[in-house]
Amino acid sequence: MAADRVLLPLAEAQQPLFAGVDLGGTNVKAALVDDRGRLVAFHTEPTRAERGPEDAAARMGRAVHTLAAHAGIATADIARVGLGSPGPLDIPQGTIVRAGNLPGWDGFPLRDRVAAHAGRDVTFANDANAAGYGEFWVGSAKGASSLVLLTLGTGVGGGIIIGDVNVEGAHSHGSECGHILVDPSAAARMCPCGQPGHLEAYTSATSVKAVARERLSAGAGGTLAAAVAAGEELTPLVIAREAERGDALATGVLMDAARWLGIGIVTLMHAVDPEVVVIGGAMTFGREANPVGRAFLERVRQEVRDRAFPVLAERTTIRYASLGGDAGSIGAAGLARLDHRRSRS
Ligand SMILES: [Zn+2]
């Protein structure tokens with residue numbers, strides 16, 4: 001979506017308006033949306049995490065003012081702001097507990113400092129939950145009653161949305177779908193969180209690259225091996241390209257990841273019974289439009305058919321996300337809208 005954002009003219013926007021800020025390790029993305037989740041303004045800038053959290057909070061606050069300026073409104077005309085942040089978080093406190101890619105930010109009162117700089121109340125959420133709400137509200141699960149989102153990137157993020165409820169949990173660790181246990185065996189792969197056998201250890205872009213590297217160093221041949229030997233960097237994109245050319249190692253690595261993803265999804269289906277399961281992030285291989293994307297999704301569905309209750313396997317929709325990198329900012333705005341509506345009811 002990022003390349004072809006269509007902005008809604010302010011005159012056609014349905015009031016009230018909400019801002020969503022998506023804090024990433026590299027970039028901050030900010031979206032102004034109307035009451036129906038349509039994009040009115042967009043702004044992005046580097047996070048510059050090394051300058052510390054107060055500097056970033058100030059720039060996130062300014063980003064909200066920038067959105068208002070782009071749209072030609074006063075910041076006070078924005079009903080509320082949503083902030084999606086990498087976790088784990090303490091949502092009631094408005095703080096990051098342990099920020100893997102934002103060293104030095106632990107315990108910083110992020111929600112309240114962004115609110116102070118923006119001059120608006122802020123709804124605080126895990127970034128993957130915010131992305132889940134974006135896909136649920138206006139993305140690939142629009143119109144569904146519930147959703148489970150899995151984003152396959154550097155790690156594996158999760159979002160569970162049931163009706164108007166974003167599942168945050170009693171300790172702000174709800175929806176951590178990347179850390180459900182899929183492999184309790186002694187040979188399980190290690191998850192970056194420090195526990196073996198979690199879904200993330202099998203289906204993140206990082207783990208898929210690691211598996212490919214291991215199989216290449218075991219001496220397997222083929223076009224992926226040739227590309228890497230010629231100096232090409234091993235990325236999910238390169239693995240997918242060689243899988244599309246028929247390379248057995250590349251295909252095997254991706255289909256194994258899809259199998260593990262299917263196993264994780266079966267557990268989530270039996271726990272939540274969502275109407276739609278959405279797969280997003282870097283590892284979507286051109287989605288349904290691409291043969292590798294279709295094969296990956298079909299392998300996930302096959303695993304679900306083999307392992308889930310038949311009624312769930314038959315009726316649960318499993319598809320790719322549609323909002324791309326904008327899901328987090330749009331979804332954060334949507335979560336702010338939920339809080340705004342609750343405060344008025
Ligand atoms: Zn883990």
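This is a predicted model: local features need pLDDT of at least 70, side-chain atom pairs count only at pLDDT 80 or more; totals for chains, interfaces and linings use all residues.
Residues are numbered from 1 along each chain as its sequence is written.

Domain 1 gives seven residues to the contact and domain 2 gives six, with contact meaning C-beta atoms, placed from the backbone, within 7 Å. On the domain 1 side, select β5 (89-90) and β7 (122-126), the elements that give two or more residues; strands here are DSSP runs of E, at least two residues, and helices are runs of H or I, at least four, numbered from the N terminus.

Next, select helix α1 (residues 53-71) and helix α2 (residues 110-118). They pack at about 45°, with axes 8 Å apart; the axes are lines fitted to C-alpha atoms over the stretch in contact, and angles run from 0 to 180 degrees between N-to-C directions. The two helices are therefore oblique, as angles under 35 degrees count as roughly parallel, over 145 as roughly antiparallel, 65 to 115 as roughly perpendicular and the rest as oblique.

Finally, show the side chains where these helices meet: P53, E54, A57, A58, M60, G61, R62 and V64 from α1, facing L110, R113, V114, H117 and A118 from α2.

Terms used. Two residues are in contact if their C-beta atoms, placed from the backbone, lie within 7 Å.
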